[in-house]
Amino acid sequence: MTSSGRPLKVGVQLPEVEREVRWPELLDMTRAIEDVGFDSVWVGEHLVACTNFHNPAMLAKQAATLDEISGGRFVLGLGAGWNETEFRAFGFPYDHRIDRFDEAFTIIRSLLRDGAIDFDGRWYQARDCELLPRGPRPGGPPLMIGSIGPRMLRATMAHADSWNCWFKDVDNRPAGVPAVRALVDDACREVGRDPAAVERTVAVLVRLPGGTGRLQGDAAQTAIPPVEGDPGSIAEILRGFAREGIGHVQLVLDPITRESIEAFAPVLVALDHGDTEQP
């Protein structure tokens, strides 16, 4: 549990594809997230950073810098990317994505955790590379892997601090967690890792007043029912995720506005106090 008695940590994902949002509004929403009492704020390329969009050694340096700026509160989410349209638009190679990720992950984690690497791979090189100055934490920021693919899990579960899946992977409900959790736990055992050593996190789609649905990469895909209802009902669903071993949820609010962030406050109160019904 969190220090407040909350059964799991609750964060908010800032706008990504919903609409165009500029820095002043992002800053305003971030301050509201902190004021309301959420545990975290999330932003990035599909929640996690696609290693295939970056030079891995430079990405490690950027992560250490963010960890310094945040006072040791940064979490680095990593993935291999999936949307070929994005790769093509920016001129990044789409082939051998997992092989490229594997090399990039080796460079990133080695620099963040050990401070140095000498690596000559097929896709990436980091020769006599050092990360100086080091970030505020000796082992670097926690590494979160945004994938449930078998090859990705085998490549990362020996070293990852947490894994994350998108709400559609669990049908946006606690009942969908066990099947996905089993994949990750099996991958941990395969590489000799205790599954309990890897935190489990899930993005959860929540609809609030004014929400109209969240368009995914494929507009034709089956819609995933959002979590919605009164504060007590939403809090109980979040407790259900905690009972399935989820330690942190990243809320994908629909709509994602300051007003929605503030409207979620009663859910956090209910979650903290164990209330299942509202007067």
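These notebook entries record what I looked up on a sheet, a helix pair and a salt bridge.

**Basis.** I worked from a predicted model, in which local features need pLDDT of at least 70, side-chain atom pairs count only at pLDDT 80 or more, and totals for chains, interfaces and linings use all residues. Residues are numbered from 1 along each chain as its sequence is written, and side-chain values use heavy atoms, with hydrogens and water left out.

**Sheet.** I took helices (H or I, at least four residues) and strands (E, at least two) as DSSP runs numbered from the N terminus. I found an open sheet of 8 strands with parallel pairing, in the order β2-β1-β10-β9-β8-β7-β4-β3; strands pair if DSSP finds at least two bridges between them. β2 (40–42) and β3 (49–50) are the edge strands, each with a single partner, so one side of each has no neighbour in the sheet. I then noted that β1 (residues 9–13) and β10 (residues 248–254) run parallel and are joined by 4 bridges. Val-12 stands opposite Leu-251 in β10.

**Helix pair.** I looked up α7 (residues 231–243) and α9 (residues 265–273), which pack at an angle of about 55° with axes 8 Å apart. The contact (heavy atoms within 4.5 Å) includes Ile-234 and Leu-238 of α7 and Val-267 and Leu-271 of α9.

**Salt bridges.** I counted 19 salt bridges, each a side-chain nitrogen of Lys or Arg within 4 Å of a carboxyl oxygen of Asp or Glu. In one of them Asp-272 is bonded to Arg-6, the closest N and O atoms being 2.6 Å apart. Asp-272 lies in α9 and Arg-6 in the segment before β1, so the pair ties together parts 266 residues apart in sequence.

Terms used:
Axes fitted to C-alpha atoms, helices over the stretch in contact; angles between N-to-C directions.
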